[in-house]
Amino acid sequence: MAKLSTVAKLLRDLVALPSINPAFLPNEPELTGEERVASYLIDHARKQGLEISRQNVLPERKNLFVRLKPSRKVKRRIILAPHLDVVPAEDKQFTPNVKNGRLHGRGACDTKGSVAAFFHALLELTKDKNRPAETEILFVGLVDEEYGQTGSRIFGERGPKADLAIAGEPTQLQVVTAHKGNLWLRFETRGKAAHGATPHLGKSAIHEMARITETLLTEYADQLKKRKHSLLGHPSINIGTIQGGSQTNVVPERCSIEIDRRTLPGETEKSVYEEINRILAKRKQKVVNARESRGVPCPPLETDPELPVVRQFLKAAKRRKSKGVDYFTDASPIAMGGTPAIVFGPGDIAQAHSSDEWIDLKQLEQATSIILRFLKEQP
Ligand SMILES: [Zn+2]
């Protein structure tokens, strides 16, 4: 077996430390929470003399800050922001396994691969005498990405601002400057209850909702397909749940659906409501109670790929153009706070959350070199 590189060993150690998001698995402290991973990183950072601090996010869950200060006054700040939590997994997925140039295990690509690459690049830079003299590098290990992104939301609101933040996600080393937003809507219809033997005396809320779902998934979905963003394609709609009625022999009085609407830059909750209302009104279909059901804003990400610092990152990654992805990331809440954010990392999102999650170790090393190359070019 080929000898493992330092960054691969770091990743192996991180995968072996379970950090399942406790929102998915309450009351299993030996498998959940980000603290085991944070303590491991703190030990390594201390040995290099890096400055460590924490940011309270949720009970017993804190973002981790590891700071490399420049020798002169801070004129620029770069944030490296991967998340530390993972989704649930079988026990065996916390025993990392290296085979054919791949490391298998929970979090290998989503996103302990990015944690290892970003953190290792930071440690390497710390040892380098020619490191940036005026740029502060802030590694931020975020909590709770996989559930509510509370770590990045609090960081975006109250954390330090920067010239660029790089959120870690498995982009296969592509530089992502745009992703879709995510809007959850709950719609309800009201009917009139009646005995099932005399349905003509009532009005079925299920029938009304059936018409509405048909409109949304045909006419409205077609309308969305005509809209186009150069990096993201068209927005989408999915009706994820439907509930209605109380009993077989009663005409249903209520029915509700939950909609997952993936938005493009420029689309807002308000604009989505307005266009849906317009299309339903035209067909004389009516929703009585419409509301956002996720409770937190998840707007799309759109960072200008022409920003000099983004161009510099593209160059370090040897990419001509930036890309867009469909999934939501921590980059959006960070960008909401005013820091331009991009998404980048080793590994393929196709393996994320799967029962056999793995990462190509060559990509892990390439990601480390790209980050290091970019950081070294900072003033
Ligand atoms: Zn994930």
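User: Which residue in β11 is the bridge partner of Ile 237?

Analyst: Arg 261 is the partner of Ile 237 in β11. Before we go on, this is a predicted model: local features need pLDDT of at least 70 and side-chain atom pairs count only at pLDDT 80 or more, while totals for chains, interfaces and linings use all residues. Residue numbers start from 1 along each chain as its sequence is written.

User: How do you know what β9 pairs with?

Analyst: Count the bridges again. β9 (residues 181-190) has four to β12 and ten to β11, antiparallel in both cases. Leu 183 has Arg 261 in β11 as its bridge partner, while Glu 188 stands opposite Asn 289 in β12.

User: Why are β10 and β12 called edge strands?

Analyst: The open sheet has four strands in the order β10-β11-β9-β12, paired antiparallel. β10 (236-244) and β12 (289-292) each pair on one side only. Neighbouring strands here are turned by 20 degrees against each other on average, direction ignored. Helix α5 (residues 205-225) packs on the sheet, touching β9, β10 and β11 (254-263), and its direction makes about 175 degrees with that of β10. For such angles, axes are lines fitted to C-alpha atoms (for helices, over the stretch in contact), and values run from 0 to 180 degrees between N-to-C directions.

User: Is Val 176 buried or exposed, and how do you know?

Analyst: A residue is buried if 20 or more other C-beta atoms, placed from the backbone, lie within 10 Å of its own, exposed if 12 or fewer, and partly exposed in between. Val 176 has 25 of them within 10 Å, so it is buried. It lies in strand β8 (residues 176-179). Beyond its neighbours within four places in sequence, the contacts of Val 176 include Thr 171, Ser 322, Val 325, Ile 342 and Phe 344, a contact being two backbone-placed C-beta atoms within 7 Å.

User: What makes a group of residues a nonpolar core, and how many residues does the largest have?

Analyst: Such a core is a set of buried Ala, Val, Leu, Ile, Met, Phe, Trp, Tyr and Cys residues joined through C-beta atoms within 7 Å. The largest has 73 residues, with Leu 80, Leu 122, Ile 342 and Ile 371 making the most contacts inside it. Helix α3 (residues 112-127) gives the most, with nine residues. A second, separate core of 16 residues includes Leu 183, Met 209, Val 272 and Cys 298.

User: Why does Leu 173 count as partly exposed, and what about His 353?

Analyst: Leu 173 has 18 other C-beta atoms within 10 Å and His 353 has 15, so each is partly exposed. Both are also worth a look for their backbone. Leu 173, in the loop between β7 (164-168) and β8, has a positive phi of about 70 degrees although it is not a glycine. His 353, in the loop between β15 (341-344) and β16 (358-360), has a positive phi of about 65 degrees. As background, most residues other than glycine have a negative phi, and most peptide bonds are trans.

User: What is the peptide bond from Asp 110 to Thr 111, cis or trans?

Analyst: That bond is cis, with omega near -10 degrees. Thr 111 sits in the loop between β5 (102-104) and α3.

User: Where do the domain bounds come from, and how do the two domains touch?

Analyst: The bounds come from an automatic or database domain assignment, which gives domain 1 (6-179 + 300-376) and domain 2 (181-292). Their contact takes eight residues from each domain. On the domain 1 side these divide into three nonpolar, two polar and three charged. Here Ala, Val, Leu, Ile, Met, Phe, Trp, Tyr, Cys and Pro count as nonpolar, Asp, Glu, Lys and Arg as charged, and the others, Gly among them, as polar. The domain centres, taken over C-alpha atoms, are 38 Å apart.

Key:
Helix = DSSP H or I, 4+ residues; strand = E, 2+ residues; numbered from the N terminus. Pairing = 2+ DSSP bridges.
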